[in-house]
Amino acid sequence: MKKISLTLTLVALLTWMSSCEEGFDTLNVNPTAATTINPVFVFNNAVVNTSFPTSTLVFEHAIVQYMYSPNSGVLAGGNFNVGNPGPTGQNAGMWQRYYRDVIRYVVDVISKTKDDANRSNLYHMARIWKAYAFMVLTDTYGDVPYKEAGLGYLSGNIRPKYDAQQAIYEDIIKELTEATAALDASKPTEAGEVMFGGNIPRWKRFGNSVLFRAGMRLTKVNPTLAQSTAQKAIAGGLMQSNADNGIVRNNATFNNLVGSLLNSTEAANFYLTRYFVDYLRTTGDPRLASIAARYVGARSGSEQTAARINRDPAVQIGMPLGFDNGTVATQVAADKLASFYDYSQLDRTRLGKLDAPTFLVTYAQTQLLLAEAAQRGWTTGSAADYYKAGVTAHMQQLADADATAAVPAAAITAYLEKNPYDAARGLEQINTQYWLASFLNGPEAFANFRRSGFPKLTPNPYPGKEIKGSFINRIPYPDSEIAVNQANVSEASARQGADNLDTRVWWDKQ
């Protein structure tokens, strides 16, 4: 009887357990949770993360002499013509920002939309964005992972091969040409994307303007391809006004990274250069009043208070290059200042504020490239007219960064009358204005400076430089990449040249 009772008890227990297991597999599943992510949200993440990292202050801004820091350590780079390697080194800034937070997302979007007829416009938008991001990466480092990049999450490829920059540019041109042409307003337009809200004509003008930039990048290394690409982009239709600007709209949640740094730990450590301030002042450029601020009489960072701020162009004094925070004292005395904290800075309450927009590709830049194309005889129209339009557009663009930075129309007219276009030195004028129009877009200013040779900057005279030439030509690969992908880095360096600051990228032909 005991055996029969035990058996019946076990049967009852198993029956009860079986009934309890019904639906157990769904017990801990949230019925309202998303099982897949709409790829437009992934795309938006890539777009927002295209805002430039703080490393551009350390390298690109210093190299093209917008602003720099006299301090060493984590801020060493273009200020002293040295690299900044290591696990947290500034060499890695653009690499980590774009590969981790842009490329991997657009590659994922492309993978998820390429065979979906209902998402064809998003697919082509992602192709355009990928091409833009890779232009920034390859212009910064030279040969980089391209065809195999971003596949770690899709195929487990965590050691991608590097592609030669020439091959990367050829494919970028192909991708931009095909993707821009394939955008179709009769298909779902992706109103949820944050760049242009699904406006296909604006996307087409953006794609063609990036293509135009890519073509003009090749003027030294392949003038024939540069001309044909530029003409193709122009025929496709370029940006028509500042309303077409490619902008990352930063906000209180998604800060402008450069503005965030300038308003926190490094608020008192970056200063506009003497050359930049003097160039704006001597040409009577009204943009100086929109850009610069000086904390007159400040003897320390803590004395850079609102009561001391002065935005009058007449009192702005840029910090000369060639000094560190010890040797600059001699120059401070010569300039009759209270300390180096008394030099002019980017006004971090306006263009340098936390939520300042990041301008990636603009109508102003595009008009100035059109002026150069016209000067070279590659397109119709007047180089002088394009030049005036480009200068005007950038001055008007400042109001989009901050309303208090607006340049009055009368001041724009007066500036153009004082600084008329002169065809005899057209390329210098155009590309110097491109430098001004690219202010705060360090990667583009650095690239166009190498391509054009303008503005005519005097090399940074700091004595402890690592470079053999006059200027840094590229940023070396990050130590973190060398540690995990050394064989492919070595192969790229053998093809491109030594992994240092002196090696020129492919299109930067001497």
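This is a predicted model: local features need pLDDT of at least 70, side-chain atom pairs count only at pLDDT 80 or more; totals for chains, interfaces and linings use all residues.

Reader: What is the volume of the largest cavity, then?

Author: The count comes to five cavities of 30 Å³ or more. Of the 23 residues that line the largest one, the closest to its centre are P357, T358, F359, F439 and L440. Its volume is about 260 Å³.

Reader: Which element gives the largest share of the lining of the largest cavity?

Author: Three elements each supply at least two residues of that lining: α12 (257-262), β9 (358-361) and α17 (383-401). The largest share is four residues, and it comes from α17.

Reader: And which element gives the most to the lining of the second largest cavity?

Author: That cavity holds about 60 Å³ of space, and its lining divides into five nonpolar, one polar and four charged residues. Among the lining residues are Y132, M135, R213 and E444. Both α7 and α20 supply at least two residues each. With four residues, the one that gives the most is α7.

Reader: Since α7 has come up, how are α7 and α9 oriented to each other, roughly parallel or roughly antiparallel?

Author: Helix α7 covers residues 120-141 and helix α9 residues 165-182, and their axes are 9 Å apart. They pack at an angle of about 155°. Angles over 145 degrees count as roughly antiparallel, so α7 and α9 are roughly antiparallel.

Reader: What handedness does the crossing of α7 and α9 have?

Author: First, who touches whom: the contact includes R127, I128 and F134 of α7, and I168, Y169 and E175 of α9. By class, the residues of this contact are ten nonpolar, five polar and five charged. As for the crossing of α7 and α9, it is left-handed.

Reader: How about α7 and α10, roughly parallel or roughly antiparallel?

Author: Helix α10 spans residues 200-216, and its axis comes within 11 Å of the α7 axis. The two cross at roughly 30°. Angles under 35 degrees count as roughly parallel, so α7 and α10 are roughly parallel.

Reader: How many charged residues are there in the contact of α7 with α10?

Author: From α7 the contact includes M125, W129 and Y132, and these and others meet α10 residues including W203, F206 and R213. The residues of the contact divide into ten nonpolar and two polar, and the number of charged ones is one.

Reader: Now for the open space: which element gives the largest share of the lining of the largest pocket?

Author: About 540 Å³ of space lies in that pocket. Of its 18 lining residues, the closest to the centre are W95, Y99, R100, I158 and E481. Two or more residues come from each of α6 (93-113), α8 (152-155) and α21 (479-484). The largest share, five residues, comes from α6.

Reader: Backbone next: which residue is joined to P455 by a cis peptide bond?

Author: Most peptide bonds are trans. P455 lies in the loop between α20 (442-452) and α21. The bond in question has an omega of about 5° and is cis, and the partner of P455 is F454.

Reader: What phi does E190 have?

Author: Most residues other than glycine have a negative phi. E190 sits in the loop between α9 and α10. E190 is not a glycine, yet its phi is positive, at about 65°.

Conventions. Residues are numbered from 1 along each chain as its sequence is written. Side-chain values use heavy atoms; hydrogens and water are left out. Axes are lines fitted to C-alpha atoms, for helices over the stretch in contact, and angles run from 0 to 180 degrees between N-to-C directions. Angles under 35 degrees count as roughly parallel, over 145 as roughly antiparallel, 65 to 115 as roughly perpendicular and the rest as oblique. A crossing is left-handed if the near helix is turned anticlockwise from the far one by less than a right angle, and right-handed if clockwise. Contact means heavy atoms within 4.5 Å. Ala, Val, Leu, Ile, Met, Phe, Trp, Tyr, Cys and Pro count as nonpolar, Asp, Glu, Lys and Arg as charged, and the others, Gly among them, as polar. On a 1 Å grid over the protein atoms alone, a cavity is a set of points where a 1.4 Å probe fits but cannot get out, and a pocket is an open set with protein on both sides within 12 Å along at least five of seven lines; lining residues have an atom within 4 Å of a point. Grid points are joined across faces, edges and corners, and a volume is the space filled by probe spheres set on the points.
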